[in-house]
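Please view the sequence and the model before reading on.

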Amino acid sequence: MKAGFYPKLAFDGIRKNKQMYLPYIMTCVVMVMMYYIMSFLQYSESLSNTKGVATIREILGLGTWVIAIFSCIFLFYTNSFLIRKRKKEFGLYNILGMGKRNISVILFWEALIIFLISVALGLLIGIALSKMAELALILVMHGEVTYTVSVSISSVIMSVALFGAIFVLLFLNALRQIKFSSSISLLRSENVGEKPPKANWFFGILGILILAGGYAISLSIKNPLAALFGFFVAVILVIIGTYITMISGSVLFCKILQKNKRYYYKLNHFVSVSSMAYRMKRNGAGLASICFLATMVLVIISSTASLYIGGEDAIRNRYPREITVTFGYVNFSEGSDADMKNIPSEVSEIAEEFNSVPSNVIDYRDASFAGQIQGNFIETDYTNVDDYDIYTYSNVATFNFIPLEDYNSNMGTNYELNNGEALLYSNNYDYNEDSISFRNGNKLMIKSHLDKFFTAQDDIEYILPVIYLIVPDVSFAVQGIDDMVIYSRYYQFDTGLEAEQQTDLRDKIDSVLTSYESHEAHNFSYARIEGREANRDSFYSLYGGLFYLGIVLSLVFLIAAVLIIYYKQISEGYEDQSRFEIMQKVGMTKREIRKSINSQLLTVFFLPLILAGVHLAFAFPLISKMLMMFGLFNSMLYIITAIVCLIIFAFFYAVVYKITSNAYYRIVSVGVK
């Protein structure tokens with residue numbers, strides 16, 4: 001044979017099956033492009049001067065891994081459609097005398113041609129769009145724009161290596177299928193599995209129960225830390241439940257429709273339901289994949305968009321005052337000595353240098369630790385905690401002992417307490433007991449449950465519920481548990497200065513406190529100062545990076561969902577073509593074919609969208625609590641964002657339905673006059 005015979009045969013095979021191969025090649029191009037852009041941004045020199053660059057590079061690094069893994073899985077999934085469609089052609093080659101070794105050579109050249117086209121176009125488009133992507137990222141991060149254009153050679157090499165490895169695996173998988181299939185099985189591959197399915201009530205009910213279990217976890221978790229652990233369990237249960245429900249449930253659904261004589265024995269419904277019933281096992285898996293991808297798109301884009309839109313709220317929740325100074329002590333008395341009482345005046349003197357007078361001041365001491373709530377008893381020894389799982393975290397809280405003197409001073413109240421008594425306030429935990437006692441510690445009677453409080457924002461508050469106990473003598477209250485207590489003092493205030501001056505003031509106070517620590521002029525073990533404006537860039541770096549990653553991943557998953565829908569419609573169109581040809585011979589018209597197609601597609605096509613909406617609704621409690629860990633407490637913002645995303649996605653989904661249903665119709669209506 002001539003040297004160019006196999007490449008020509010491979011190219012002709014791709015060209016003649018362009019309806020199947022063109023979307024696949026376009027998807028490969030997009031995957032290569034996305035991977036290059038994410039890798040390029042991760043190592044971009046233009047981001048080096050942006051605040052929070054370390055955070056954004058970690059996020060982008062995660063994104064490259066997600067795209068790499070998803071590309072491998074998804075290209076295997078879509079490639080299976082192509083191989084299944086081509087098996088009949090390869091079977092014919094085999095019968096006409098072409099050996100499987102020759103077919104393997106054709107497959108090799110097909111894989112090589114698609115790889116070269118995909119990588120070349122993907123890198124070309126990726127390089128062309130990389131600067132635009134970089135500018136968009138800098139924009140959402142509120143960074144400084146630069147217009148230097150560059151190409152990342154390392155990203156090019158990584159892209160070629162990754163997708164080269166993927167295409168090698170795809171080729172080997174195709175080779176395996178051809179090698180272990182006989183000529184007859186290859187010819188009949190398109191009809192494999194066409195046996196009347198049996199409705200399995202057990203698996204149908206099991207799928208619903210597994211889904212309910214995932215929903216129950218989302219609804220029952222009480223705090224953000226438990227949500228972090230419960231999220232992965234809930235996701236796994238929902239994925240498994242969705243696949244089982246879609247596969248078994250769709251068969252049951254068709255059987256139920258067939259038993260409904262008033263519905264089933266109509267021309268458009270009879271043909272559509274009977275054809276669906278023969279392939280629901282594979283059809284159900286495809287619908288479940290579409291549902292899963294749709295849910296991922298909705299969850300990712302709605303949550304990251306909420307974080308970015310609610311960035312200002314999150315910053316103000318995290319920093320209720322413009323400047324926060326935190327001191328740490330070895331024991332409570334060190335934070336109460338006369339020397340430490342001079343700190344506010346010293347800070348005020350520094351502020352005066354910037355023509356600022358501290359206002360809205362919050363100044364208080366506390367002693368904090370974590371424990372598990374068991375009724376009115378607090379377990380402080382975790383060796384005594386049984387069944388340490390995600391539900392245990394729902395009852396773990398941080399306990400802060402506040403001196404009554406400090407509470408009255410900051411709140412303008414005049415409460416009086418005796419030793420053994422306390423006032424209680426909780427920001428996100430319903431503690432309704434009349435007393436509270438600690439292992440190895442004292443028992444306190446709750447004199448009153450407060451509804452107003454001042455708080456020092458700290459990272460732990462976004463993870464665990466916080467219970468504040470106002471007591472007359474902190475040293476007495478922590479007796480027996482003082483070895484596990486962290487002692488702190490908080491001094492917070494507003495400056496009335498512009499953003500740049502706030503940052504300068506924060507830096508000046510920080511330098512003074514550092515000199516105190518180095519010369520041991522004050523009795524604190526550490527001092528930390530935070531400024532709202534000084535940390536604004538790091539917030540937007542995190543939220544902007546997550547939002548950007550959310551957009552990229554949502555686009556990748558959306559393309560995957562569209563391609564699955566397309567291949568599902570095309571492959572089923574070819575499978576149904578012979579059935580409709582028979583119906584055409586007995587008098588079915590174009591109008592009746594169209595009605596039957598609409599009935600079939602509408603019966604199952606929008607099930608993934610509806611179920612994705614249900615998944616999103618049940619995921620709301622879990623996601624909203626996870627967003628609290630990022631400082632977003634505005635649940636209504638997330639609800640509105642999620643609804644808007646669902647509406648936009650539903651519109652897009654309807655457009656895809658219209659386009660793919662037309663493609664299906666053109667295939668099955670061949671030969672109709």
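Predicted model: local features only at pLDDT ≥ 70, side-chain atom pairs only at ≥ 80, totals over all residues.

Residues are numbered from 1 along each chain as its sequence is written, and side-chain values use heavy atoms, with hydrogens and water left out.

The chain contains 21 helices and 10 strands, taken as DSSP runs (helices H or I, at least four residues; strands E, at least two) numbered from the N terminus. Of its 673 residues, 53% are buried, that is, under 20% relative accessible area with a 1.4 Å probe, protein chains only. Among contacts (heavy atoms within 4.5 Å) with a separation of 6 or more, 85% join residues 24 or more positions apart.

Helix H1 (residues 5-16) packs against helix H2 (residues 18-42) at about 95 degrees, with the axes 5 Å apart; axes are lines fitted to C-alpha atoms over the stretch in contact, and angles run from 0 to 180 degrees between N-to-C directions. H1 and H2 are therefore roughly perpendicular, a term covering 65 to 115 degrees. The residues that make this contact are tabulated here.

| Helix | Contact residues |
|---|---|
| H1 | Gly13, Ile14, Arg15, Lys16 |
| H2 | Lys18, Tyr21, Ile25 |

Within H1, the buried residues are Tyr6, Pro7, Leu9, Ala10, Asp12, Gly13 and Ile14.

Notes
Parallel < 35°, antiparallel > 145°, perpendicular 65-115°, else oblique. Buried < 20%, exposed > 50% of the residue type's maximum accessible area, 1.4 Å probe, protein only.
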